Amino acid sequence: MMSFRAVHAGSGYQYLLRSVATNDAHDESIEEGTLSSYYQAKGTPPGRWIGRGLAALGSETAAVGVEIEADQMESLYGLGYHPDTHRMLWEGKRLDECKLGGKFPLYTNDIPVLNELRAAEREFVADSGRLPTEDERTGMAVSVGRRHYVEATGWVDAPDKDVVDWVNQQRSQVKQAVAGFDLTFSPAKSISVLWALADESTANKIAACHHEAVAEVLAWAEENTVRTRMGAGGLAQVKTGGIIASEFTHFDTRAGDPDLHSHVLVSNKVQGPDGKWRTLDSRAMFKNHQTLSARYDAILQEILTRKLGLGFTASPRGAGVEPVWEVAGVPEDLIEAFSKRRTMARPVYDTLVRDYVALHGHQPDKRTQKRLWQSAILDTRDGKKPAESLADLRESWRAGVEQMDGGAELLESVHAVIGGAHNDDRPEFFTQGAIDDDALDVHARGVVDRMIRKRSYFADHHVTAAVASYLKAFRFADGEETQRAIAQLSERIVSSHLIEITPWGAGNLPEKLRNDNGDAVDRHLDYRKYTTPEILAQEDKVLAAVVEPVPVFAESAAIDKAVAAFEKDNGFSLNSGQVELARHLLLSGTVAACGVGPAGTGKTTSMQIVARVWADHGHNVIGCAPSAAAASVLSEELGIEANTIDSLTFTWRGRNPDKPAGDLSALPVQINPGDMLLVDESGMATTDNLAALVEIAGAAGAIVRFVGDPHQLDAVGTGGLYATMCRYNKAAELTDVMRFSHGNDTEQADASLAVRRGDTAAAEFYFARGWVTGGTREAMLADAAEAYLADTAKGRSSLVVASTNADVSVLNEMIRAHHIDTGDVDTSREVALSQGDVAGLGDVIIARHNQRLDNPDRPNQAGEKVINGQLFRVIDLTDDGGIVAGDLATGQVYHLPADYVRAHTHLGYAATVHRSQGATVDTTHLVVDSATSRSALYVGLTRGRYENRVYAVTDDALDEFEEYGHEHSAGNSPGLTDKDVFMRAIARDTRQRSAADIRAEAEAYADSKERLAKLYRYGVDVATSDFIDRHLDAWWDRLDADAAAILTDEGRMKVRTAWRDLLAAGHDPRDFMATAVFNLGQVDEAGAVIAWRLRDTLANVAGEDPGLLAPPPVTRGADAELGAWLRETYDRLAHWPEDTADEDTAGEGIVPENLTPAERLRLQAGKALAAPAAGHRGKGAVADLDPLARLAAQRAGRAPAGTADQFPPREQASENTPEL
């Protein structure tokens, strides 16, 4: 794997030098001159320079493979200068000549002592023309810092060391500029274990394979992901000359476990194509860090297999998580043994944090957390050891294994692996170096199937990461085959299995506004977004259904009659929103329609009206819900037959091996023309399921009505479509929350809706009520469990809810322990459940799998059906591990067989947020932490009728693998508070988005004023630079000899800046230069005087600020195409309509005939119609709403892949403008 962390200017690089072998650690018993001795020197080997960008430095001492010196790291990573700055200054160079672009800024947060130190260092550099040494910096810290130290502490005669330590404490509070990025490459744990215990020769080979894989990945990154930004606003993302980096090899974790890994410290300085030094565009690197990580794993596996004959096998890491590929034959016991020190340190750390909170009353700040973590590590080690040689480490690791039970056998298993005793069972990807299209498509579908489980759209980095991860399961003949497989499979997926949904290109842009690929200059890496043709077709099918008219609807009078009857039967009136929702669902007259019911707004009541009216019209209402438990509730509340969504769609999609696909008669329920599919909790349905339900309704001549809340929990799988459907259908939305205290607690109702829409001000309500508690995870879980038990003891219905399965397990154990203490649970006999749980008589358990049970009384007949989410109380245990249980809701007795109990049940006292959605109780106790999303918080806060309490875990996320250097100059931040956790959860919107939304957003931005203005500013910048380059130098020849002699490069730059200002204001600077260069006299710097005169002239001639940069004059030799585009665009921007959103583009409200489905949808969504291309209605035109046909047409050359960039002034940009 590869992790990605920022390293800050200052001393952030120094941790990499701390354990490096130096002459100070030289051991006379070892061979003389062993600084570079890999195995015998104390500490780790010296770092070495790596990266293609080193060539631009022109240095023999900062070149690929050369060892790194401390002063070089200080210059590059600490200050942002050339690595050889100290040597260059000694040789007589000026400090300005040592810069690589701009020097890193030094931030002080306006701390007085730091302000004075910054001023002192600047004065030193100005006076001496060089950088201060470390000793000189220390002297400054003492001389400047002592007065401030005395004021802060009162200690007058403190030693210098104390003063320096105090100054460094002040510095540690301030976050400095990012100097670079630490790309840490770590092989799978089994590889490190094998390296640690193998003979020296084999260990060397493993290390060499690791370094080879690192080098390959970095080379690939330099070509494909290392970029910088140029032009106005940094609009252009361009290639660089490569990275300047240093690689340090480390041998163990901070906890002392074997861990062969490399820190590649990539400098933030890169050289652009124009030769200028700029900042690395880290966003491109960060987005691709998963790609680099998976690529490293795949490349390393291939090298180890080819050179050492190692095989690899998948080690599962849980449902929905990619497996880790470990060396075949390395025992799991060894892998666990060499991970236990870090594991052992975690509970010690938790105890230290708990003690800190008890003493101080708040969470520790970031730096204190790191100190406590280090203390926890040291507490679990054999004492604080100095840097050891690799030979010593290897000896201690081997000794540790020998002391384990079966240690000799474990070591023998390692030798067996090295000896080739384990075959590599992975298949070959290529057959004789080639692969046919059919086989490649099979692999492509396998990768795509993995990707669509998590999202509906993808960028290039999603594809490349998924491909590299997928290919770990295959063998390759050599490195070239591995790289070819990654490239070939990635290209196949993009070209044949995905369709681009951001297809705007360069259009009518001039050549100067295009990048090397011919695309618009603002199209950066990963701008392209893709989806599958199937997902796009499904989304378009569903969106067409919500606007497609059908002559199937209820009578308005019948609705009024049903509402009156309901109110008479139930003794209360519906609010206007509930009536409107029912009317919308019954009168929409479309194949599909949507209704939105925020939590507690009474959507069930509206659905009851809908079911009654539709039945009175002689049609069936078939209920559908995401889970069997929800379907059961829906059936009971509406008095209709209800099924899980999957029970219909699974068969319809052909996934039932015993029934045909797409056959209405094969479904578990009969659906007739005019019937209604009424879908509850629709926001939790996947895109595929929503589309399948629409298809089923269409095939049967039925309609489908979706009800849910897009602000609650998403689908587990591809989702996000329901929110889009609601916008297109203009869904009726309930607004009156009735749940809280029978509608009387309007304050809580308003607060819940504020949370739903992401308003952080909502937090004030919950704190004012005293419903939010904060503390450590252990304390919050205990408090939540205790409060839940107190409520249930009072006879209240209550839920205790957590966002993670781990927290739910702990809550289950806590609550069970209470019931054991009170005698409610008998543990004299217990059976094993899943997840390591056990249950005795009286325990509450939950079923997690739908299954039809055997009938114990009548073996030839089917028994009861257990549904996922069903809660039981254990009333008896069978000898074989089965359970006799009573349903908590109905009391019905079920006989759960032992195999079902072991595989599909666990304790059921606490619930995850997902399981709690749809439940209503008296009180809720919700445990949240810094990773909780808004949707999860909202669902948890709306389960209780009377109280909804929050237990905020204020433990900050701890990066257990972070090393010293990531802490330096990274600033500090206080520990989390309960309010921090609550507010962050409100702000964290992690809901999925549909591909249709991404496509619409990209189309809107492509035509927006915002985008056009950015391109215009970039174009003006290019044209202005070109104008100045062609015309300014001629004026230097007009200077008299004295002025020319004192003209400096800095002066020339000042004049260039003045020319830019004049051009931006619409003036030709040549008109003023004759005066500006005349009679300079005895000036100190000619350029400064000329620039001042030009600026003075500008001040005198400047009129009202037009707010828009003027394009420069087009003169002989200028780019005429760019000039014409700039003039035209200037006029368009200057006269851009203020607001075109409400224009009736169809003309007087009349919808044109013969519109494509996509155009109808565009009008329905309030968007303008695109101007038709000539002949676009002709025979063979590709329908906008048929992506499969569109894709086929594109490949056949019958339709363009994208739309031209004409920038019609139709729409303003979306608030969520895609990042380019």
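Let us start with residue classes: Ala, Val, Leu, Ile, Met, Phe, Trp, Tyr, Cys and Pro count as nonpolar, Asp, Glu, Lys and Arg as charged, and the others, Gly among them, as polar. By that scheme, the lining of the largest cavity holds nine nonpolar, one polar and four charged residues.

The model is predicted, with local features needing pLDDT of at least 70 and side-chain atom pairs counting only at pLDDT 80 or more, while totals for chains, interfaces and linings use all residues. Residues are numbered from 1 along each chain as its sequence is written, and side-chain values use heavy atoms, with hydrogens and water left out.

**Cavities**

A cavity here is a set of points, on a 1 Å grid over the protein atoms alone, where a 1.4 Å probe fits but cannot get out; lining residues have an atom within 4 Å of a point. Grid points are joined across faces, edges and corners, and a volume is the space filled by probe spheres set on the points. The count comes to five cavities of 30 Å³ or more, and the largest has a volume of about 100 Å³. Its lining is made of 14 residues, with Ala1023, Asp1026, Ala1118, Asp1119 and Leu1122 nearest the centre. Helix 37 (1009–1031) and helix 43 (1120–1134) each give at least two residues to this lining, and helix 37 has the largest share, with five. Helices (H or I, at least four residues) and strands (E, at least two) are DSSP runs, numbered from the N terminus.

**Two helix pairs**

The table sets out two helix pairs, with axes being lines fitted to C-alpha atoms, for helices over the stretch in contact, and angles running from 0 to 180 degrees between N-to-C directions.

| Helix pair | Axes come within | Crossing angle |
|---|---|---|
| Helix 22 (603–616) and helix 23 (628–638) | 10 Å | roughly 65° |
| Helix 20 (556–570) and helix 21 (576–587) | 11 Å | roughly 145° |

Contact means heavy atoms within 4.5 Å. For helices 20 and 21, Ser556, Ile559, Asp560 and Val563 of helix 20 touch Val579, Arg583, Leu586 and Leu587 of helix 21. That contact divides into five nonpolar, one polar and two charged residues. In the other pair, helix 22 brings Thr604, Met607, Gln608 and Ala611 to meet Leu634, Glu637 and Leu638 of helix 23. By class, these are four nonpolar, two polar and one charged.

**Two open sheets**

Two strands pair if DSSP finds at least two bridges between them. Strand 22 (residues 798–802) runs parallel to strand 32 and pairs with it over two bridges; here Ala802 stands opposite Thr912.

Another open sheet has three strands in the order 12-14-13, and its pairing is antiparallel. Strand 12 (458–459) and strand 13 (499–500) each have a single partner strand, so one side of each is left without a neighbour in the sheet. Strand 12 is joined to strand 14 (residues 529–531) by two bridges, and Phe458 has Tyr530 of strand 14 as its bridge partner.

Terms used: 1 Å grid on protein atoms, 1.4 Å probe; cavity = no way out; pocket = protein on both sides within 12 Å on 5 of 7 lines; lining within 4 Å.
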